[in-house]
Amino acid sequence: MKKALIALIIATMTLALAGCSKNKKEEIVPEAPASSAEEEKNDENTPKEDIKTDTGKETAETAEPANDPQLAEALKDAEPLYGGVIRAMYQPDISKDGVSYVPSDRQFFWLCVYFTANQMADTPEGITYEEKTQTYRIPADLIQQYANGCFGEESSLPEIPQEVTFIKKDGSNYLVTASDTGDTSAHITKAYANSDGTCCAVVDFSTGEGTMGTYKITFRESSREGSMFRYQITNAVLVK
């Protein structure tokens, strides 16, 4: 009796919907039981094959190249640069965009130069240390080299904002407050070349207690004759 009643209801609904538009019929089609098992079987197989193929392509396209040990070794010469940039990015209260690489942010710009200058203080000639003020007196052309290395060789030195107290302009020199890096270190764990002529390094920023962050630094070779650094940074991203 129940089966007859259900059949009657279905027949009544079918007649009631007969006058609906074609679009309306398409919305009701899933109610029809005829050949549904066969259609579901086909639907299950086809999309899965497509998804598997698409996923495979996406993985292959986005996979990073293998590590290039020779490139990783060559990029170590740029450690004062990526060490400076990473330490600046680790100061979320300095950059207006938090830990982002923002060359247009003057505070962030000078913080990168500041950390780089401190790591380079004992290397080039022409730098003097003033014991009384605990500052390095660095010629402007060297500061320009640091900026070029951190932000690309066309970088210009912006005006130092008032809130920046660790670097001051003094004639043709800059006075940089002396500081050490403590027990922090920036270590390349992987390096690889890109198809556009740039290259990348994956860098762990760590202390004796463990890794504080992993960064991907993008470089390009300098085309300027007499450049202090073979590789210059064009971008930096906090990976994790």
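**View A. Phe219 and Ile233 across the strand 7–strand 8 pairing.** In this predicted model, Phe219 stands opposite Ile233 of strand 8. Strand 7, spanning residues 210–221, is joined to strand 8 by seven bridges, and the two run antiparallel.

View B. Four strands build an open sheet with the order 5-6-7-8 and antiparallel pairing. From one strand to the next, the twist averages 30 degrees.

**View C. Helix 5 on the sheet.** Helix 5, comprising residues 79–89, lies across strand 5, strand 6 (199–207), strand 7 and strand 8. Relative to strand 8, helix 5 runs at about 30 degrees.

**View D. The hairpin of strand 1 and strand 2.** Strand 1 (residues 128–130) pairs with strand 2 in the antiparallel sense, over three bridges. Thr128 has Arg137 of strand 2 as its bridge partner. Four residues lie between the strands of this hairpin, in which Gln134 adopts a positive phi near 55 degrees.

**View E. Strand 2 and its pairing with strand 4.** Strand 2 (residues 135–139) is mostly covered, with four of its five residues buried. Besides the three bridges of its pairing with strand 1, strand 2 has five bridges to strand 4 (residues 173–177), and strands 2 and 4 run antiparallel. Within strand 4, Thr177 is the residue opposite Thr135.

Methods: Residues are numbered from 1 along each chain as its sequence is written. This is a predicted model: local features need pLDDT of at least 70, side-chain atom pairs count only at pLDDT 80 or more; totals for chains, interfaces and linings use all residues. Side-chain values use heavy atoms; hydrogens and water are left out. Buried means under 20% relative accessible area, exposed over 50%, partly exposed in between (1.4 Å probe, protein chains only). Two strands pair if DSSP finds at least two bridges between them. Axes are lines fitted to C-alpha atoms, for helices over the stretch in contact, and angles run from 0 to 180 degrees between N-to-C directions. Contact means heavy atoms within 4.5 Å.
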